[in-house]
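Dear colleague,

I am passing on the structure that we spoke about, placed just below. Please look through it before reading my notes.

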Amino acid sequence: MTLARSTKLTIVGAGSVGSSLAYAALIRGSAREVVLYDIDTAKAEAEVLDLAHGTPFTGASRITGGSDLELIADSDVVVITAGAKQQPGQTRLELAGVNVRILEAMLPQLVALAPHAVFILVTNPCDVLTAVAERITDLPPGRIFSSGTVLDSARLRWLVAEAAQIAPQSVHALIVGEHGDSEFPLWSSATIGQTPLGAWTDDAGHVLFPRERLETLTHDVVNAAYKIIAGKGATNYAIGLSGARIVEAVLRDERSILPVSSVLRGYRGIDGVALSVPSIVGAGGVQRVLDISLDAREEELLQRSAEALRSSIALFS
């Protein structure tokens, strides 16, 4: 899609996630100008050069970058991927301490250079960092949020689609809650096309998604990142694509419904905790958090997820 105006996306961090996000943004035409910033000059410049060599095969977007913080000035969207990466066997919450310190040192400088930007966190643990980020900035609600469970939901949709032999675009299912071990799917509202997931049958008329299979799918989504990290050291391609998709929703003012993570206020009794729930994302970031229909089990899991994160966030208040 051709962008109606000049738009500037800055990606902070030229590691595997940041570089993959820049690559996805260039191919998808997410922004007219993509900037890749990293304190490692040689790394940033090498990634930019490699990406730039491919732009004759993409659209009108251009890529620049380096280690000069001034490159961030006047960005429309800033995506923060910088931080310590998750190690094999390490939980997302075990990352929190070092990445909170990085964010506290970096974020005020970014906001000063791009005061009108929307800030999107991809660094883990993204829910804890979102709450910290809102605390250390004076940005209006919704202007700073994280990618949340957008990727987790994509993983769920792909797994369901593979089982049903259906295009993943026809699967409508969300993961909500923490982007981590306490996340969970909204099975009560999941559908393939207009058919509730529980009523979907195979060609022989057998129900394809009994409770046991749903539990297996949940396990596979929650543990997907651990499996990938154990095999290749990091997750990068899918989070790069999902990050680019969120950026597009903001820059094009799509008002798309995405399960991003923002600080909730009076949401089903939850206050001051960042959790992923369906939200309208457009110009200015999260425009509205949507109340959703939950069954009793899902309500319990949401409250449990909120309580787990409340304890973690309190450590950094």
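What follows is a summary of the overall build and then of one residue.

This is a predicted model, in which local features need pLDDT of at least 70 and side-chain atom pairs count only at pLDDT 80 or more, while totals for chains, interfaces and linings use all residues. Residues are numbered from 1 along each chain as its sequence is written, and side-chain values use heavy atoms, with hydrogens and water left out.

The protein holds nine helices and 16 strands (DSSP runs, H or I of at least four residues for helices and E of at least two for strands, numbered from the N terminus). Its radius of gyration, taken over C-alpha atoms, is 19 Å, which agrees with the value near 20 Å that a compact globule of 317 residues would have (the rule being 2.2 Å times the number of residues to the power 0.38). Along the principal axes, the C-alpha atoms fill a box of roughly 60 × 45 × 40 Å.

Of the 317 residues, 54% are buried, that is, under 20% relative accessible area with a 1.4 Å probe, counting protein chains only. Among contacts (heavy atoms within 4.5 Å) with a separation of 6 or more, 71% join residues 24 or more positions apart.

Ser30 sits in the loop between α1 (16-28) and β2 (33-37), and counts as buried because its relative accessibility is 0%. Its side chain makes a polar contact with the side chain of Glu248 at 2.7 Å; such a contact is a pair of N or O atoms within 3.5 Å, where, within protein, one must be able to donate a hydrogen and the other to accept it, and residues adjacent in sequence count only if both atoms are side-chain atoms.

Best regards

Terms used: Buried means under 20% relative accessible area, exposed over 50%, partly exposed in between (1.4 Å probe, protein chains only).
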